[in-house]
Amino acid sequence: MYTRRYLKNLFNMNTSSPADGITTPYQVSATRMEIDKFIVPTVTIFIGLMLCFFMLLPLSAILKLSFFEGGQFGLANFTLANFQKYFTTSYTLNALWHSLYVSVATTIIVTVIVFFFAYAMTRTTMAGKTFFRNVIMMPLIAPSIVQALALIYLFGRNGLITAHLLKIDWNIYGATGIIVSEVLYCLPHAFVILFTTLSAVDIRLDEAAESLGATPFKVFTRITLPSAKYGIFSAAALTFNLTITDFGNPTVIGANYNVLATEIYAQVTNLYRFDLGATISIILLVPSLMAFMLNYYISRKTFSMISGAAKPVIPPSRPLKKISYTIYCSLITFAIFLVFATVIIGSFVKIWPYDWSLTLEHYSFPSIGGYSAIWTSVWVSLIVGIAGAFLTLVAGYIMETRRPFFKQGIYLLSVMPAAIPGLVMGLGYILAFNKPYYIFYGTPWIIVINIVICNFTLGILASISNLRNIDPSIEEASISLGGDTLRTFFKIIFPLSRVAFFQNFVYFFMRSMTTISAVIFLVSATVHLAAIEIIMLDNDGWTASANAMCTCIIVIVLVMLGILQIADKKTGKRSQGMIPET
Amino acid sequence: METSSKQLVLENISKHFGSLVAVQGVDLVIDPGEFICFLGPSGCGKTTLLRIITGFEQQTAGDIIYDGNVINDVIPQKRDFGIVFQSYALFPNMTVYQNVAFGLKMRRMPKNLIDERVSEILQLVGLAAWEQHYPSQLSGGQQQRVALGRAIAIKPKVLLLDEPLSALDAKIRIRLRVVIKKLQEELGVTMIYVTHDQEEALALADRVVIMRDGEIRQIGSPWEIYKKPRTSFIAEFVGTSNFITGKKKNGNVQFGRLELAVSNINDTSSDKIYLAIRPENIERVDEAAPPGTYLPSNVIEVEAEVINFLGAIVRVTFILEKEEMFVDIPEKEFEKINLKRKGKLKLYFPPDAFHVYSEIFKKLI
């Protein structure tokens, strides 16, 4: 054992005993601490500028073009002529009514379908819930066009079901097609919200009501439904927003039924009327912003009726309930499977629906120069993934663990991308950056920036939520031991956020591979993206190749998800170990 | 001893969060090598005060002076104070070795010296065999010892501990208490320990600082705090006390139908008087004692309402003038008297056992 004297020496920093041979004390570097003071403000300003430049500037370009004569800013130039023209031209005005009709219809259908689906997951004891939960998330891995492609193959003019099995004249093009495809597209987004809501509402409340004599119907209408009120509204708002801003499905299956999104594209790309395109963008912004603000307001007000930490067991359901819900969920999952199966099989079939021999010819993509679009998409998505995950982690760290100036401002800027439809952003980008000194214009880099910004909100929210799980004392411990911001971030915060970082990476990657609206304006003769090529192929009549391209994207996303699973398991092993006796 | 050598001085420290006063008028001088406890109920400001000392909170007013230098504006990294957190705050992605070495690495100590120091520290806290393990593989008590080691590795001028044992089981708490006390004595480091557990404070501290509502109520050795609580709150918070509300009358205290003789009642000027007496200081009247042992006015016969066997002592609850009170009788003595519920008990209230107060604290619900 150590003697008291030895310990006193041990504790004396400046001992120059022969044992240690050092005379200089070790101190935390003063210069490092000086520089440290500037790191957080610098990064904050950088993030703020980035968001302002790549989000506000494009937005202002659109505002300028629609509200000001000739796009020149100035009080004298303020005009509503563009809007007047829009509202007086019946063809373009119809796009507004069409959009609203389609979005409202989709919203109602999706909310009802998903509510009962989520109810089945959280309130019944039916079998295969994990399976159903996974399948309903499937539409996320494909561009919002896979539904339209499948529906055309099944219910189009030469549709397998309409023309060949039922031999009827009807086809699904038009409003019906849009609604059905959007419903199938929005299912996972609405499900996530409603599943979380219904899970959070304590099932014991239902039991308490029952014990007081309420019939199942009363329990449902008086307890379950009202408590899920906010979730329902939130899911509805989100669905509305997704539908009204979607471009992929309407452009393929809408035919002559124009909606705001397709109208913007038509004005800009076919008619070169940028000013009208900008005007319609503003009109699209209105309902979209309203839905977003409603959602934002609701999520602030959400109260959770959770009591206690343990998840209560669901009481066993009656057989009839189990069976009916199983059938119900099976129907929905069948529809989703059908969509994917049709597109995938359709890509391998020589001539759908006539010649069923299998072939790979659709995968050679002769009309678009082979696989170059896919490779571009992949490496763009990889960069988007890394940049997006890293930037949102840094931004989240700055926001959460420190108190920078402009915190509210940065937060507001970070939340805005979710309010702006991708199509509008894309248009804004070509209006704002179509100048020779913006060297990234016309290159894949503008696409990278665009996708990162458009999906910034969810990324930063996920980062913040993950960072909140880290014990704040850990950062203080590092500081008390002499750690500065950079070292604390890279040695401690970043390793601890590994899982969230990788999840964010996959999210950005997935969004990049499947996004259409944001980038439709940014592809060019030299820069091709796989998701956009689907539309081009379909437009040119190479429908089977369009399916093939779609399948390629799906496969790539699945591979990335698979890698995430493996990486997850590996890092999970680290933190296991037996807890021994004291 | 020079007045400024390595002393930590808090001068009129106060901290406001908007209109909320967290700390007010704190003056304290801590000598080097002292073990000081900040003790108080939740929300009394002790943690805020600790955080002000560490530099994570900036005080609204007042100065912190160490070794003669005002350190108000010195950032936490440069204060060289070691901190042990309630949640241990070990870095989960680093091994025990890396955790303990962290502060040394930040000071750019050469690797071989770091190795030496880390193994010495781990020997000191008894975790030498766990060097390569991760915090998640250790029990709570072991994790806290690593946190301790990590804090002392940098040879801090002052070691600050924020309720380090509150997350642990009772038995481990007692064991670690001993480890901490021994460590402090052997290393001679100034230690500031925040706790709401009065047993801990009394067991560990050279001096205890009792805080309430952001203010210091009393500073003294554990013995002083216990034997001479300055306010009625302290009499109640530290240990247990029975309270009597009475009026001054003819040099005695009138309490209901009783007139008790109490020493030191002239210390208070008001007519209304509050007395506190500890259960262990109420004596059981020994019939065999010589006459004159007990002052007749202070001998009272009571009825035992509840008898609680607490191991070393038996706590008997009785009602006096509609007030519920306790008396603690050593277990061996209790054996002999064979007291049952509703049985009669003669008690003596020694006049000098009372603590006298002119104000009574507001009871915390």
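Mentor: This is a predicted model. Begin by placing a residue among the helices and strands: A:H362 sits in the loop that runs between strand 2 (355-358) and helix 16 (372-401) of chain A.

Trainee: Is A:H362 buried or exposed?

Mentor: Compare its relative accessibility with the cut-off: buried means under 20%. A:H362 has 10%, so it counts as buried.

Trainee: Which residues is A:H362 in contact with, leaving aside its neighbours within four places in sequence?

Mentor: They are A:S347, A:V349 and A:K350, together with A:A544, A:S545 and A:A548. For A:V349 there is a further detail: its backbone oxygen is 2.9 Å from a polar atom of the A:H362 side chain.

Trainee: Now the whole chain. How many helices and strands are in chain B?

Mentor: Chain B has 10 helices and 20 strands. Its C-alpha trace spans about 75 × 45 × 40 Å along the principal axes.

Trainee: What share of the residues in chain B is buried?

Mentor: Of its 365 residues, 54% are buried. The accessible surface of chain B is about 16,400 Å², and carbon and sulfur atoms account for 49% of that surface.

Trainee: How do I read the contacts along the sequence?

Mentor: Take the contacts in chain B between residues at least 6 apart in sequence; 67% of them join residues at least 24 apart.

Trainee: And how many positive and negative side chains does chain B have?

Mentor: There are 45 positive and 46 negative ones, and the centres of the two sets are 3 Å apart.

Note on methods
Residues are numbered from 1 along each chain as its sequence is written. Chains are lettered from A and ligands numbered from 1 in the order in which they are written. This is a predicted model: local features need pLDDT of at least 70, side-chain atom pairs count only at pLDDT 80 or more; totals for chains, interfaces and linings use all residues. Side-chain values use heavy atoms; hydrogens and water are left out. Helices (H or I, at least four residues) and strands (E, at least two) are DSSP runs, numbered from the N terminus. Buried means under 20% relative accessible area, exposed over 50%, partly exposed in between (1.4 Å probe, protein chains only). Contact means heavy atoms within 4.5 Å. Accessible areas come from the Shrake-Rupley method with a 1.4 Å probe; for residues, only the protein chains shown count as cover. Lys and Arg count as positive and Asp and Glu as negative; His and the chain ends are not counted. The place of a charge is taken as NZ of Lys, CZ of Arg, CG of Asp or CD of Glu. A polar contact is a pair of N or O atoms within 3.5 Å; within protein, one must be able to donate a hydrogen and the other to accept it, and residues adjacent in sequence count only if both atoms are side-chain atoms.
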